[in-house]
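Hi,

Here is the structure I said I would pass on.

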Amino acid sequence: MQFQRYMATDVFARELDSLHAFRGRKVGSGLLEYLEQQGLLSPRIRIRYPGPVARRFWLLAHEHWGARQLRHPTEPDGPRWEAAVELNEALYRWRSSLAYGPSDNPLDDPAPRFSEFIQHPSATTFEASASFRGNRPQRFGGDLLVRRSLTRRKFTSGNERWVCDPVGPRSSLVDSIAPIPSRLHAAIVAPSNQTTPSDQASCSAMSPTTTASSTPSSIKRSFRDLSDIEVADIERASSLSRMGWSGGFGWDELLRSQRVVMVSEAGAGKTYECQTQQARLWKAGEPAFFLELATLAGSSVRDMLTYDEEQRFEAWLRSQSEIATFFLDSYDELKLTLGSFEQALKRLNKALAGQLGRARIIVTTRPVPIDRELFAEHLPIPTARKATSTGEAFADIVMDRHQQKIKDETRPKPWRNVSLMPLSTEQMREFAVLQGVTDPDKLLADIRERDAEQFAERPQDLIELCSDWREHHRIRSHREQVESNIATKLKPRTAPKERVEFSQETAIEGSSRLALAALLTRKLTLRHSADADSVHASEAALDVSKILLDWSDAAQSVLLERALFGFASYGRVRFHHRSVLEFLAAKRLDALLARSVSIKSIKRLLFVETAQGVRTVRPSMHPVAAWLSLWHHTIFDDIVELDPAVVLDHGDPQSLSVAQRIRALEAYVERYGRGGWRGLSTPEIQVHRFASPELAPSVRRLWKSGIGNPEVRSLLLRIVIAGKLKACADIVYAIAMDAAGDDYERSLATEALVHLSDEHLEALAESLENEPARWPDAMARRALITLFPTHLSVSRLSRILKRVKQNVRSIGELNHRLPHEIEIAGLSPEDLDELRQALTDMILDGIAWAPDKYPHVRTKRYELLPALIATCRRQEAEGVRTEAWISSSLLAIRLSKNEHGTEREALARLRIAARARRTFAGSARDGLLEGRCFRRDDS
């Protein structure tokens with residue numbers, strides 16, 4: 001071991017681990033606490049701040065979380081607080097000698113004012129320290145020192161114990177550890193869970209006060225499987241998710257698969273979810289590693305791992321039995337930096353050293369084409385060795401023992417394409433509470449009033465909404481939100497003080513220069529320190545010193561340590577979100593124009609001439625051009641002339657004037673309206689920002705002019721919905737009733753009528769029931785989901801369902817959207833009872849016994865079974881236990897095949913409720929079997 005006079009807990013634990021005295025298990029604060037408790041090892045000096053002081057330090061280190069209030073008091077200004085800050089800064093300067101120069105450690109000759117914070121453990125009773133493992137504090141009141149960690153995204157509060165003069169030389173330390181009985185090893189290596197009463201009180205102090213009775217610590221996200229078709233058409237897959245997926249599953253189910261591709265749009269929370277799961281698995285003692293593909297393409301796996309991670313990786317390779325999880329993040333950013341996906345996969349394959357069968361690999365990406373063949377080629381799942389033939393296996397074949405086949409149906413999929421499901425309304429509320437919103441119900445009400453629920457379904461969008469709401473109590477424009485976000489994240493750190501002071505304007509100016517350089521060079525990671533040179537692909541990182549030539553090294557470092565930048569890899573950071581990067585790049589060009597830089601030179605960065613001599617907007621600069629068009633009319637004019645889709649798809653269309661939006665829309669229709677499909681796709685949130693009632697006359701005129709491109713026609717209908725253009729109600733009603741029209745356009749028109757609360761809705765519902773020729777099955781299914789329950793009664797829905805059917809193997813309205821609507825609809829007890837009975841009758845109609853299939857009881861209307869389960873589940877929650885309800889519940893249980901997600905939970909509740917009413921259950925089952933003739937005797 002290599003000793004120093006003062007050592008932080010993690011440094012001392014690392015040296016202790018080098019003795020290999022604990023059978024390869026993790027050596028951390030839990031072990032040190034145990035050794036101290038047993039009197040085997042004691043630090044001579046330790047810093048422990050009182051609870052109020054520690055809580056104030058925590059608040060200062062987490063200013064980027066917004067305003068927080070703690071239930072327990074924080075230290076006020078005064079001599080004790082000033083002494084704590086002085087001690088903390090003195091320790092920080094001593095540790096950062098390279099930046100501040102050599103200085104004395106304040107513990108060598110501590111001033112009297114520091115005595116309250118300095119403990120001598122050898123002379124005191126053992127007290128378990130608080131645990132600050134991970135990015136979020138779990139307990140409070142222990143050894144606390146606010147520190148800067150280059151391996152974290154944010155400033156975190158570290159649980160650090162300062163050790164002075166370890167007991168005895170190396171030999172005596174080894175002797176004191178080695179004799180520990182083997183039966184105690186499990187207790188030694190496990191983190192201590194003991195807390196003193198003061199620790200427990202401080203723990204409760206860490207929860208921010210809100211109007212909710214309890215604050216959720218995290219939100220459990222769900223996933224849905226994507227078919228190959230949906231992977232190719234992610235927009236359709238996202239729409240299905242918004243409609244309500246009743247078969248979602250969580251991380252526990254997802255981690256049963258060995259290879260996963262997670263496809264979700266930007267801001268959906270892919271990276272956060274993977275980092276959270278990696279931390280959870282790591283804390284549980286499992287080998288789990290988070291790797292960015294853009295870095296992996298030019299670096300070895302080991303270069304990307306910390307010391308502790310590399311040790312656990314080595315232990316996993318030796319174990320020959322454990323499963324390791326590798327999260328490969330951001331395939332889309334890898335492609336943006338022109339990195340090689342194949343090279344990244346080869347590097348991981350090499351690091352795994354033939355252990356592919358014990359590796360669980362999850363790749364995240366935005367909805368961009370991803371080469372799954374390369375994934376399967378370089379990181380395949382080894383084929384399981386076939387079992388030797390035995391007499392028992394032969395007997396199974398002869399006797400047709402097919403029970404194993406049934407079990408195989410429940411086995412996890414080895415390869416899986418999934419998408420993160422949008423946040424539900426309840427999750428939005430929980431998320432808002434976590435973001436410090438004290439009136440989450442008012443926020444959600446404002447979102448509903450604006451019909452903007454789908455714009456709050458992504459965590460990134462909801463974070464911006466919550467931040468805006470806390471300050472203004474209203475939802476502002478996207479431009480204002482981005483500006484506010486940048487200003488907040490570029491605030492200087494207050495504890496400890498930064499080495500260099502500069503204004504926020506200077507920080508914005510420097511950040512905008514880096515943003516523009518990153519986009520132009522396609523290098524999204526920024527070189528923060530010399531640690532970046534240890535990564536083989538250091539040339540892929542943008543050298544900040546070559547951009548900020550007039551900044552000192554210390555000033556560059558201070559800027560990159562602010563919250564606007566997040567950790568990327570060793571010695572590297574990146575802008576925390578793509579929209580911030582794009583906005584700041586545009587602000588830099590705007591600043592150059594303000595300094596009399598030629599507009600022509602700026603336009604040369606934004607526009608390019610193709611090989612065919614056609615002038616267009618440079619694809620990589622679409623977002624920057626859109627932002628810049630808000631401030632410079634000449635750039636807006638050029639974009640509208642060359643590619644009007646840019647101002648719709650990027651930037652903040654809401655900040656355009658009404659005249660500019662009308663002009664952009666007319667140019668869009670003029671350019672793309674003729675002909676067929678062109679691959680246009682304006683994000684839904686951009687349509688919402690663009691739409692306004694003032695566009696109604698233009699939309700009417702453009703629609704009547706005749707538009708051939710279905711994408712442009714759909715865009716106009718989406719604008720009617722988002723902007724609630726009541727003046728276009730007659731147009732959308734005609735589209736909805738057109739039997740020869742496109743199904744998608746008719747669906748949009750029906751949705752528009754609902755949003756407009758149009759008087760024609762009753763006539764449309766009556767037509768849906770009585771005119772089957774006008775409403776074929778596919779169109780009828782979409783319409784009834786849109787209208788139910790507000791504009792379609794239960795009795796009318798039941799009559800429509802008798803004739804409308806759906807392929808049971810497909811994912812659609814009846815087996816996924818309808819159950820979701822039933823779960824959330826405001827239905828009366830009478831409506832639920834009527835709906836349950838109607839669904840039961842339709843499922844029982846034509847039921848039969850199939851001795852050669854499983855389950856043996858079959859029905860022709862399997863697509864209605866999820867709806868029946870949802871209805872019975874709602875009635876069960878409301879306390880309904882009638883014989884008719886039990887009959888329907890037993891029918892649902894009997895007919896269920898594979899149970900997944902919410903269906904599994906609902907059926908479990910139904911089984912419990914039906915079992916509790918077993919007297920009725922027996923007679924109900926007999927009545928079903930005899931009345932419908934599907935007993936085995938009658939087959």
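**Helix α37 and its neighbours**

The buried residues of α37 pack against α34, α35 (710-723), α36 (729-736), α38 (761-770) and α39. Before you go further, keep in mind that this is a predicted model. The buried set in α37 consists of Glu745, Arg746, Ser747, Leu748, Ala749, Thr750, Ala752, Leu753 and Leu756.

**Helix α12, buried on one side**

α12 (residues 270-283) also has 14 residues, and from first C-alpha to last it reaches 20 Å, close to the 20 Å expected at 1.5 Å a residue. Which of its residues are buried? They are Lys270, Glu273, Cys274, Gln277, Gln278, Leu281 and Trp282. These cover an arc of only 165° around the axis, so they sit on the same side of α12. The general rule behind such spacing is that an α-helix has 3.6 residues a turn, so residues three or four places apart point the same way. Just after α12 comes Gly285, with a positive phi of about 90°.

**Where α25 crosses α27**

How do the axes of α25 (residues 504-521) and α27 (residues 578-594) cross, and within what distance do they come? They come within 7 Å and cross at roughly 105°, which means α25 is roughly perpendicular to α27. On the α25 side, the contact is made by Ile508, Glu509, Ser511, Ser512, Arg513, Ala515, Leu516, Ala518 and Leu519. From α27, Leu581, Glu582, Leu584, Ala585, Arg588 and Leu589 meet them. Sorted by type, the residues of this contact are nine nonpolar, two polar and four charged.

Asp446 is in helix α22 (residues 440-449), and its 13% relative accessibility is under the 20% cut-off, so Asp446 counts as buried. Leaving out residues up to four places away in sequence, Asp446 touches Trp469, Arg474 and Ile475. Ile475 is 29 residues from Asp446 in sequence, yet their C-alpha atoms are 7.9 Å apart.

Ser692 is in a loop instead, between α33 (684-690) and α34 (696-704). Is Ser692 buried or exposed? Ser692 counts as buried, because its relative accessibility is 8%. With residues up to four places away in sequence again left out, Ser692 touches Arg661, Gly723 and Leu725. Ser692 and Ile719 are 27 residues apart in sequence, with 7.9 Å between their C-alpha atoms.

**Backbone spots to check by eye**

Ala353 is not a glycine, but has a positive phi of about 50°. You will find Ala353 in the loop between α17 (341-352) and β11 (359-365). Ser596 is another non-glycine residue with a positive phi, here about 70°. Ser596 is in the loop between α27 and α28 (599-606), and at 67% relative accessibility it counts as exposed.

Finally, there is a cis peptide bond from Phe788 to Pro789, with omega near 0°. Pro789 belongs to the loop between α39 (777-787) and α40 (794-803).

Cheers

Key: Residues are numbered from 1 along each chain as its sequence is written. This is a predicted model: local features need pLDDT of at least 70, side-chain atom pairs count only at pLDDT 80 or more; totals for chains, interfaces and linings use all residues. Side-chain values use heavy atoms; hydrogens and water are left out. Helices (H or I, at least four residues) and strands (E, at least two) are DSSP runs, numbered from the N terminus. The expected span of a helix is 1.5 Å times one less than its number of residues. Buried means under 20% relative accessible area, exposed over 50%, partly exposed in between (1.4 Å probe, protein chains only). The arc is that of the directions from the helix axis to the C-beta atoms. Axes are lines fitted to C-alpha atoms, for helices over the stretch in contact, and angles run from 0 to 180 degrees between N-to-C directions. Angles under 35 degrees count as roughly parallel, over 145 as roughly antiparallel, 65 to 115 as roughly perpendicular and the rest as oblique. Contact means heavy atoms within 4.5 Å. Ala, Val, Leu, Ile, Met, Phe, Trp, Tyr, Cys and Pro count as nonpolar, Asp, Glu, Lys and Arg as charged, and the others, Gly among them, as polar.
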